[in-house]
Amino acid sequence: MSAKGLSNILSGLREAFGGFTDIGLIDNTGTQVAYVGPFDLQGKDYSDQPWFKETLQQGSYISDVFLGYRDLPHFVLAVRFTMDNGNEAILRTTIDISLFKNLLSGLNLSGDGDAFIVNRQGVLQVPSRYHGGVLEHMDLPIPEYAPSTRSLVLKKDSGDPLITGYAYVEGTPFIVMIVKRQAMLMNSMHEAVEEILWISGLSGVVIIVVILAVATFMVGRIYEAELTRVKAQRQMEHANRMASIGRLAAGVAHEINNPLAIINEKAGLLRDLFTFREEYKGDDRLVRMVDSIISSVERCGTITKRLLGFARQVDTFMAPLNLVGVIREVLSFVQKEAEYRSIEVQIHTENELPTVVSDRGKLQQIFLNLINNAFQAMDDGGSLDITVRSIGEDTAELVFSDDGCGISRENLERIFEPFFSTKKQTSGTGLGLSITYGLVNELGGEMEVVSEVGTGTTFIIRLPLKDQGKEQT
Amino acid sequence: MKILLVDDEVELISALAERLSFRGIDADWADNGEDAIELARNNEYEVAVLDVKMPGMSGLELQERLEKIRPGMRYVFLSGHGSHQDFREGSAKASSYLMKPVNIDELIERVKQA
């Protein structure tokens, strides 16, 4: 092979790969018979060099990187071949590590990635970014031999764990290593984890805030509704009580007024006798006594008139109304208690009920008294059946039937008496049913009761469909 | 002046009649509606003083009956109850409505005004 042939080969290699410094042909005696390159090495004897012997034996040789005459890191590649004349010869070339550098820099290593080559003794064949300069020992342990690509986590004495990928290049002394700091590698994952944590946390807080707000709002609404209900119930109870007192007062006043009127007339007559009759005249002391009686009667009259005036506020006002509607209104006041105590209240209508002309307020009081009475007689979970039907053309019948404790025969006779109560220990005034009875009478109706101890009680009310109230007479 | 007094309380109405007579008013009295109608048939009264609430025939019913026998007779109602309804009806059908116990001078005044 001529020097010109070698020169062509060298320029071809440089063009294709770059980094090739020189090339030489050595015959089987170790003499360099042809050389192309920057040095004068023609005729140099390599027969005692270990690489020459190894190449002859193995067929090829790749050296570690070393500093040559030019003080540039490079390595040597030698290949044995057989020439045309049948003799063995070796083609030897020197390659600059810029080739390696170019290859490694082509790797896309994000962040703190470091790619380099070491030999099997751990000497860096190219400079590393973090683990030492060229031909220095890298500051990492040499990974154990593996026939294929492997990865492992290396730990330096100080600092983060390093994720390392490496491969032993077969037929060469080289190990290619890629090293990344675990922290950097995990960075994006950590960021993602952190972001997820933040979002989850924020969502949690938002959910809790929304739940709290909604719950507070709902509880507020329920509380307000409860307050309104309690207030309405109190007002109704108050109206009920005032109506009772009014009726009681009116009854008393009316009953007292008649004897008072008689006293008035009799005393007046006495006064007249002393005034107009000669035989009684002249006794001023007696006249003064009679005057005192008359003025006292006047005082009593003022009081009874006031009482009657009080009763007048709760007087009857007849208007057409729907009985079932009134019952439903009253039930709305006791609905909560019924729910708490699981009491079932049902309204049954047996036939088409015409409009009733009656007093709404008094009917409300009647129904509330009867329903409250039934509730007090029942255990939790009882049931109250209210039946509304018309009888004939002019009567409505209402039946309030509970499955409570019932009333004994002896008590049943006295149940409508004022101040009779079986609930002495609780808040019973003993006026509820007597007032109810009175109200039914005032509306021109009648009321009766049927009861059996342990089975339940039924109150039956019959009301005229048209206004036939007592007060008209 | 001749008037008719009707109230179911005999003690009241008899004493009232006597007291009115002291004051120059000739008053007949009855303690029920039927007797009162009988008296009205036989006598001519300028004014009738009626109790609103009486057993059997009420003051308002009696007034209707008397109106047929003696058209033009005037009426004063008395009541021991004084409910709103009494007041409305009494006021509508009579010139006066008085609450028991009544003051004799006030009654005389109302009777004269009637």
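Student: What conventions apply here?

Tutor: Residues are numbered from 1 along each chain as its sequence is written, while chains are lettered from A and ligands numbered from 1 in the order in which they are written. The model is predicted, so local features need pLDDT of at least 70, side-chain atom pairs count only at pLDDT 80 or more, and totals for chains, interfaces and linings use all residues; side-chain values use heavy atoms, with hydrogens and water left out.

Student: How many helices and strands does chain A have?

Tutor: Helices (H or I, at least four residues) and strands (E, at least two) are DSSP runs, numbered from the N terminus. Chain A has nine helices and 17 strands. Chain B has five helices and five strands. From its N terminus, chain B runs β-α-β-α-β-α-β-α-β-α.

Student: How many of the residues are buried in chain A, and how many in chain B?

Tutor: Buried means under 20% relative accessible area, exposed over 50%, and partly exposed in between (1.4 Å probe, protein chains only). In chain A, 38% of the 473 residues count as buried. In chain B, buried residues make up 54% of 114.

Student: How do I check a helix against its expected span?

Tutor: The expected span is 1.5 Å times one less than the number of residues. Helix 1 of chain A (residues 3-16) has 14 residues and should span 20 Å; its end C-alpha atoms are 20 Å apart, which agrees. Just after this helix, Gly18(A) takes a positive phi of about 75°. Helix 1 of chain B (residues 10-22) has 13 residues and reaches 19 Å from first C-alpha to last, close to the expected 18 Å. Buried residues in this helix include Leu12(B), Ile13(B), Leu16(B), Arg19(B) and Phe22(B). Gly24(B) follows helix 1 of chain B, with a positive phi near 80°.

Student: Which residues other than glycine have a positive phi?

Tutor: One of them is Ser342(A), with phi near 55°. Ser342(A) sits in the loop between helix 6 (323-340) and strand 12 (344-349) of chain A. Leu135(A) is not a glycine either, and its phi is about 70°. Leu135(A) lies in the loop between strand 7 (114-119) and strand 8 (150-155) of chain A. At 28% relative accessibility, Leu135(A) is partly exposed.

Student: Which peptide bond is cis?

Tutor: The bond from Lys100(B) to Pro101(B) is cis, with omega near -10°. Pro101(B) is in the loop between strand 5 (96-99) and helix 5 (104-113) of chain B.

Student: What makes up the largest nonpolar core?

Tutor: A nonpolar core is a set of buried Ala, Val, Leu, Ile, Met, Phe, Trp, Tyr and Cys residues joined through side-chain atoms within 4.5 Å. The largest has 42 residues; among those with the most contacts inside it are Leu323(A), Leu363(A), Phe367(A) and Phe459(A). Elements that each supply at least two residues include helix 6, helix 7 (360-377) and strand 17 (456-464) of chain A. Helix 6 of chain A gives the largest share, nine residues. Apart from this core lies another, of 32 residues, among them Leu10(A), Ala34(A), Phe75(A) and Phe116(A).

Student: What does Leu323(A) touch?

Tutor: Leaving out residues up to four places away in sequence, its partners include Leu353(A), Val356(A), Val388(A), Leu398(A) and Leu463(A).

Student: Is Tyr69(A) buried or exposed?

Tutor: Tyr69(A) is exposed, at 67% relative accessible area. Tyr69(A) is in the loop between strand 4 (66-67) and strand 5 of chain A. Not counting residues up to four places away in sequence, Tyr69(A) touches Phe39(A) and Lys44(A). The C-alpha atoms of Tyr69(A) and Phe39(A) are 9.1 Å apart.

Note on methods:
Contact means heavy atoms within 4.5 Å.
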